[in-house]
Amino acid sequence: MDTKLGYIKNLNKDKKYIVEASDVIKNGGIVAFPTETVYGLGANALNIDAVKKIFKAKGRPQDNPLIVHISSKEVLDEITLEVPRIANIIMDRFWPGPLTMIFKKKDIIPNETSAGLNTIGIRMPSDEVALNLIKEAGVPIAAPSANISGRPSPTDMETCILDLNGRVDYILGSDSSEVGVESTILDITCNPPCILRPGGITLEMLKEIDDKIYIDKSLLDKNDKNLKPKAPGMKYKHYAPKAKVRLVEGSIEKTVEKINEMMHNYIDDGLKVGIMVTDETLSNYKDGVIISLGSRNNLSTIAKKLFSTLREFDNNNVDVIISESFEDTGLGLAIMNRLRKACGFDIIKV
Ligand code: TXA
Ligand code: MG
């Protein structure tokens, strides 16, 4: 398949690429496009054949539902059975933005989009290119992250091209994604609402609206095999670069000591080692491919760089990546969730 490319530097001058990409969506094709969280791979959410193309292009398991992207709240009446009062309060505060809410769906949303569930995840992105694309297409756009399934989500156009060139009809590019990790998923079909995936809108921010909002326990305790994640996608190993990921959790001093010890053992075994660190600890490491995610005092920079850094290690052909950990609060919870999944929950506690 020939993939057409369009890059938007200035939304006013480059509008023609929005029109081209929206024509592809209207005609049942699939388009990679920027959002403030990560790049998405979109199709008309109401078109079964178009939605099937997404699953094929990504190699996505059939039981993993898609998130539907909208550009105005009015669409909710057409695609959901009910909008609970708390959902209205939450969307007034956080939409457009990096928050997906789970609603009961109407039949107009095909089972292919919701992977057979009677609920549907919906979000209104804040990225102007994304909003314009949805408006111009005139339909809700179903879009998972624009990576081959299992790989780290793309946060820039180049990475979309690497994963999807030749597999999709159109790749629409713009700036790199501002947030860098996927949206928070909040299930509002239950009371109190439950966070199924931590993301850009934090637990602390949501608790300001309802103190009872909580995190799906299966995300925090992987040792309890009875707990199954409520978001189907959260059960898969995810966000994995080609290299094996090792995550070290503990005090900064002990972490630095442990990472250095592990690194030298791996190097003795003839492996190429990457270490993912922070500005505060950078000077404590001397060997291996060392990349800092930024300062621990600025978690938004760390989230923004996380996926591109995992891919950068792959470009350096390392065999194993050893990473430092972060606090499970604020945006740190989303960062740690992605890291725990990247290492398959095989965590080294010091
Ligand atoms: O930030 C984002 O949400 C990005 C951008 C493109 O908007 N999209 C994204 O989609 O991350 P995806 O497909 O990579 O992740 C969607 C997650 C999966 O874990 C899926 O299982 C869950 O959302 N999900 C979707 N619909 C659901 C539903 N009805 N109930 C529970 N979980 C759902
Ligand atoms: Mg994804």
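**View 1. Ligand 1 takes up the largest pocket of this predicted model.** Here a pocket is an open set of points, on a 1 Å grid over the protein atoms alone, where a 1.4 Å probe fits and protein lies on both sides within 12 Å along at least five of seven lines; a molecule sits in a pocket if more than half of its atoms lie within 2 Å of its grid points. The model is predicted, with local features requiring pLDDT of at least 70 and side-chain atom pairs pLDDT 80 or more, while totals for chains, interfaces and linings use all residues. Residues are numbered from 1 along each chain as its sequence is written, chains are lettered from A and ligands numbered from 1 in the order in which they are written, and side-chain values use heavy atoms, without hydrogens and water.

**View 2. The shell around ligand 1 holds 28 residues.** A residue belongs to the surroundings if one of its heavy atoms lies within 4 Å of the ligand, and the closest are Thr37, Asn64, His69, Ser183 and Gly233. By type the shell divides into 14 nonpolar, 9 polar and 5 charged residues, where Asp, Glu, Lys and Arg count as charged, Ala, Val, Leu, Ile, Met, Phe, Trp, Tyr, Cys and Pro as nonpolar, and the others, Gly among them, as polar.

**View 3. Side chains of Arg123, Ser145 and Arg197 reach oxygen atoms of ligand 1.** Each is a polar contact, meaning a pair of N or O atoms within 3.5 Å: the distance is 3.0 Å for Arg123, 2.9 Å for Ser145 and 2.9 Å for Arg197. Taken alone, ligand 1 exposes 690 Å², of which the protein buries 97%, with areas computed by the Shrake-Rupley method and a 1.4 Å probe.

View 4. Strand 6 gives the most, with 4 residues. Strand 4 and strand 6 pair in the parallel sense over 3 bridges, pairing being defined as at least two DSSP bridges, and Ile67 has Gly121 in strand 6 as its bridge partner.

Definitions and conventions: Polar contact = N/O pair within 3.5 Å; in protein donor to acceptor, adjacent residues only side chain to side chain. 1 Å grid on protein atoms, 1.4 Å probe; cavity = no way out; pocket = protein on both sides within 12 Å on 5 of 7 lines; lining within 4 Å. Helix = DSSP H or I, 4+ residues; strand = E, 2+ residues; numbered from the N terminus.
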